[in-house]
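Subject: Structure handover

Hi,

Here is the structure you asked for. My notes follow below it.

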Amino acid sequence: MSELEARFDALVSSVVVPALKPLGYRKRKLSWTRQTPAALHGITLQRSQGNTPGHLRFYVEVSAYVPDFARAVGATVPDRPEKATPQYSRRFESVIDWPGQWIDLESWTDTELHPAFGGALARIHQHLDGIDSAEALAEALRATGPLNLDLFAWWCATGNTEERATQLTAAQEEFGLEERWPRLLAQFERTAARFGIDHLSA
């Protein structure tokens, strides 16, 4: 085992596990999940495929799955939520302001990284803890961009014509000049049709 691999293992055992286990997260390999009455939250450490003995980069993925949201938009809810594909999945730099897209372990000392990473995990948990209902998930999905069809389905299912139009307009403003726009619009139209909405305008 390289020095960096040993340091990575130490980060997991001395920082990640102690930070997440008391909050109810269960570990499987490098993924931690926590099931609440309303949601399933996930935090995953993902190694870069380009790692070498002298270079170890990893990312952090955060995710959430809310069964009530899935039911509302007509999706199948599995017997075990951990089998479901999360509706919300983001890299941690999208939800907290540290440390950026990834962590290169060799660029940090353990004395610097361990407390900083522990604090980052606390903020990630706080973010996920707020995704505790279908409505809260919809709010979180706004940050994923206007092409999110799960969010569009939610506006259709809940009869929110204003938000539905706002999302469609934002999608057309961002992608309307691209060759693929007719295909993207067709996806929105098919989603709307599932809820008996025959005409869209943006």
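First, a term: a salt bridge here is a side-chain nitrogen of Lys or Arg within 4 Å of a carboxyl oxygen of Asp or Glu. Please also keep in mind that this is a predicted model.

**Salt bridges**

The structure holds 11 salt bridges.

Start with Arg47 and Glu5. They form a salt bridge, and their closest N and O atoms are 2.8 Å apart. This pair ties together distant parts of the chain: Arg47 sits in strand E3, Glu5 in helix H1 (residues 3-20), and 42 residues separate them. Arg47 has 31% relative accessibility, so Arg47 counts as partly exposed. Glu5 is at 25%, so Glu5 also counts as partly exposed.

Next, Glu61 and Arg91. Their salt bridge brings the closest N and O atoms to 2.7 Å. Again the pair links distant parts of the chain, with Glu61 in strand E4 and Arg91 in strand E5 (residues 88-91), 30 residues apart. Arg91 counts as partly exposed because its relative accessibility is 26%.

Arg71 and Asp68 make a local pair. The closest N and O atoms of this salt bridge are 2.8 Å apart. Both residues belong to helix H2 (residues 67-72), and they are three residues apart, about one turn of the helix. Asp68 is at 48% relative accessibility, so Asp68 counts as partly exposed.

Finally, the network. Salt bridges link Glu139, Arg142 and Glu163. As background, side chains of opposite charge can pair when their charged atoms come close.

**The largest pocket**

What is the volume of the largest pocket? About 580 Å³. Its lining comprises 22 residues, and those nearest the centre are Arg26, Trp32, Thr33, Leu40 and Glu82.

**Overall fold**

How many helices and strands does the chain have? Seven helices and six strands. From the N terminus, the order of elements is α-β-β-β-β-α-β-β-α-α-α-α-α. The C-alpha atoms fill a box of roughly 60 × 40 × 25 Å along the principal axes.

The chain has 202 residues, of which 39% count as buried. Take the contacts with a separation of 6 or more: 56% of them join residues 24 or more positions apart. The chain exposes about 11,000 Å², and carbon and sulfur atoms supply 48% of that area.

Thr191 is found in helix H7 (residues 181-193). Why does Thr191 count as buried? Its relative accessibility is 6%, and buried means under 20%. Which residues does Thr191 touch, leaving aside neighbours within four places in sequence? Thr191 is in contact with Leu149, Phe152 and Ala153.

That is the set of notes. Send back any questions.

Best wishes

How values were computed. Residues are numbered from 1 along each chain as its sequence is written. This is a predicted model: local features need pLDDT of at least 70, side-chain atom pairs count only at pLDDT 80 or more; totals for chains, interfaces and linings use all residues. Side-chain values use heavy atoms; hydrogens and water are left out. On a 1 Å grid over the protein atoms alone, a cavity is a set of points where a 1.4 Å probe fits but cannot get out, and a pocket is an open set with protein on both sides within 12 Å along at least five of seven lines; lining residues have an atom within 4 Å of a point. Grid points are joined across faces, edges and corners, and a volume is the space filled by probe spheres set on the points. Helices (H or I, at least four residues) and strands (E, at least two) are DSSP runs, numbered from the N terminus. Buried means under 20% relative accessible area, exposed over 50%, partly exposed in between (1.4 Å probe, protein chains only). Contact means heavy atoms within 4.5 Å. Accessible areas come from the Shrake-Rupley method with a 1.4 Å probe; for residues, only the protein chains shown count as cover.
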